[in-house]
Amino acid sequence: MTSVLVVDDEPQIRRTLRSNLSARGYDVRLVATGEEALEAAADEAPDLVLLDLGLPGIDGVEVVRRLRATSGVPIVILTVRDGEADKIDALDAGADDYITKPFAIGELLARLRAALRRAAPVATRVETADFVVDLQARTVLANGTPVKLTPTEWHLVEVLTRNAGRLVTHHELLQEVWGPAYGRETNYLRVYMAQIRRKLEPEPSRPRHFITEPGVGYRFLPGD
C-alpha cells in the first residue's frame, strides 16, 4: 500500500485529505508541524509527502530542504501561498510539485499519481510471451521481428507498459498522449487500442496483454 505523509496545521484539511486518500487505498499519516514531519519521515519512510508551507515551528520550505538532504521521496506542496517567489523557493528547495488552496481533489490525486510515477524505478525492457518492449530503444519485437508502430501507438504502449499492472484511466491516457486539452475523446483510444491489439496480440479479439476496464480505462498485463 502506498503511504502518504500529510503535513498540515489545519485540522479540517487533514480530515479531508485523510478521508479522500484513504478511500482510494493510500495509507495516510497525519502530522501538524515541521518537526513532526521530519520525525515521521525518518521513522516511517513514506512513499510521498504532501506538505503545507505555512507550518508552526519549522517552515515548510525548510522541511523540504532537510528532507532533500537525506531522501528522494516525492514532495508535493499544498498551500494557500500562491506567489511566484513562494513557488520558486519551494521548487528550488527540492519540491516536486506545487498546488494552491483551495484545491480540486481530482487534480490533487492526479498530481500525486504523477509524482509517484516519476519517482518509481522503471524497467527499460518489458517482456511478454508474445512480444518485447524496449523502452530505452523505443522498439517492439515480436518473435525477433520489429513491429512498426505509429508515434501515437508507441506512446500509448509506452505509457501502459511503464504502468504495468495498474489501471490507467481514459483521462490519464488522453492527457498523457494527446495533451491537457483532451480528456473525453475516448473514441481516439478505442481506435488506437484496436490497432495496437492487431499488431501485438496473438488474438486481437481476445486480448491478454492490453486489457479494457469498461468505462474506466486500460491495463497492461505482461503475463498470460
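A residue is called buried when its relative accessible area is under 20%, exposed when over 50%, and partly exposed in between (1.4 Å probe, protein chains only). The structure is a predicted model, in which local features need pLDDT of at least 70 and side-chain atom pairs count only at pLDDT 80 or more, while totals for chains, interfaces and linings use all residues. Residues are numbered from 1 along each chain as its sequence is written, and side-chain values use heavy atoms, without hydrogens or water.

Helix α5 covers residues 105–119; helices (H or I, at least four residues) and strands (E, at least two) are DSSP runs, numbered from the N terminus. In α5, the buried residues are L108, L109, L112, A114, A115 and L116. They pack against α1 (11–23), β3 (48–51), β4 (75–79) and β5 (97–100).

Two of these partners, β4 and β5, pair in the parallel sense over four bridges, where pairing requires at least two DSSP bridges between the strands. V76 has D97 in β5 as its bridge partner.

A nonpolar core is a set of buried Ala, Val, Leu, Ile, Met, Phe, Trp, Tyr and Cys residues joined through side-chain atoms within 4.5 Å. The largest such core has 24 residues, and F131, V133, V140, L160, L173, L200 and F210 have the most contacts inside it. Two or more residues each come from β8 (139–142), α6 (151–162), α7 (170–177), α8 (186–200) and β12 (217–220). Helix α6 gives the largest share, five residues. A second, separate core of 23 residues includes V49, L51, V64 and L67.

Conventions
The expected span of a helix is 1.5 Å times one less than its number of residues. Contact means heavy atoms within 4.5 Å.
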